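Here is a friendly briefing on one protein model. Take a look at the structure first, and then read on.

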Amino acid sequence: MEPLSGFTMMHEHMHLDLSVVKGDPDTCLDCFEQTLAELKDLRAKGVTRILEVTNVGMGRDLDWIARLEQASGVRIVRSTGFYKEPFIPAIEATQSVEAMAAMMIDDLRSGRAEVIGEIGTSKNEWRPSERHVFEAAVLAHKATGAPITTHTTLSTLALEQAGFLVERGVEPDRVIIGHMDLGGDLDAVLDVLALGVNVGFDTIGKTNYLPDERRVAMLLELERKGLIDHVVLSQDITRKSQLKEFGGKGYAYLVDTFVPMLRQAHMKEASIQQMLEKTPNRILGGKP
Ligand SMILES: [Zn+2]
């Protein structure tokens, strides 16, 4: 993947359907025109790429995404793999690790996807099918070199995820442990970073879980400790009600509101550029 100038949001969904399992129609994202309008706005504000982490069992629709990419001019990086229980399709959950890996490898080699993720664990619990997905992700990574991006449920099991991948020979800098901002626990973030992996502060704007001021404070501390080059940012929009059209903050909240909060708090411009441009280029295959 060529390095891009401009910002990359590293954990988003644009076509997603968790609504059947969750019993909540709000968790179905299929709003082409509304999403397109937001992406055009993002493009004008310097966001040139988005990592779309929706995979099989979450409502992934690669044709829909390709049309959105074409119409918006924003580069959309696609993902492969399986999410977490209860979203791993039953037929997949009973497959061998090798068969799961073969599906991911096929997606990656054919160019349908470039990243493995978001693969996840449950809250404080790593279920057998989720472990199989991680084992398959290791095989797919070794076969292709593709980055792996994860979902932690409320930041739980983050260190276990990172350890699992690194111990099995996954290149640490090709790993992003996701949703590390949700726990609000800087020590937990530092423990994960000590393994050499990257962390996602990727639920920005979800202030019902954690105030953004707390995210800013943690990021400033990571900057102070010289670790900001292993942090990526995003919002993880998963609901219709989070789109602008339906009264939400929208995908541009990160650039419109959160980045100014970082500047207000005297984060260095180079650090902002690192998280939003240089580190995404490094992980997604571009030159630093
Ligand atoms: Zn997630």
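Predicted model: local features only at pLDDT ≥ 70, side-chain atom pairs only at ≥ 80, totals over all residues.

Residues are numbered from 1 along each chain as its sequence is written, and side-chain values use heavy atoms, leaving out hydrogens and water.

**The zinc site**
- The zinc ion has the protein donors Glu118 (OE), His151 (ND1) and His179 (NE2), which lie 2.0 to 2.1 Å from it (donors are N, O and S atoms within 2.8 Å of the metal, or 3.2 Å for Na, K and Ca; water is not among the atoms, so sites may look incomplete).
- His151 sits in strand E8 (residues 148-151) and His179 in the loop between E9 and H8, so this pair, 28 residues apart, links distant parts of the chain (strands are DSSP runs of at least two residues, helices of at least four, numbered from the N terminus).
- His151 is buried at 8% relative accessibility, and His179 is buried at 2% (buried means under 20% relative accessible area, with a 1.4 Å probe and protein chains only).

**Asp181**
- Asp181 lies in the loop between strand E9 (175-177) and helix H8 (186-193).
- Asp181 counts as buried because its relative accessible area is 0%.
- Beyond its neighbours within four places in sequence, Asp181 is in contact with residues including Ser155, Phe201 and Arg215 (contact means heavy atoms within 4.5 Å).

**Lining of the largest cavity**
- Among the residues lining the largest cavity are His15, Glu52 and Arg60 (a cavity is a set of points on a 1 Å grid over the protein atoms alone where a 1.4 Å probe fits but cannot get out, and lining residues have an atom within 4 Å of a point).

Technical notes
1 Å grid on protein atoms, 1.4 Å probe; cavity = no way out; pocket = protein on both sides within 12 Å on 5 of 7 lines; lining within 4 Å. Buried < 20%, exposed > 50% of the residue type's maximum accessible area, 1.4 Å probe, protein only.
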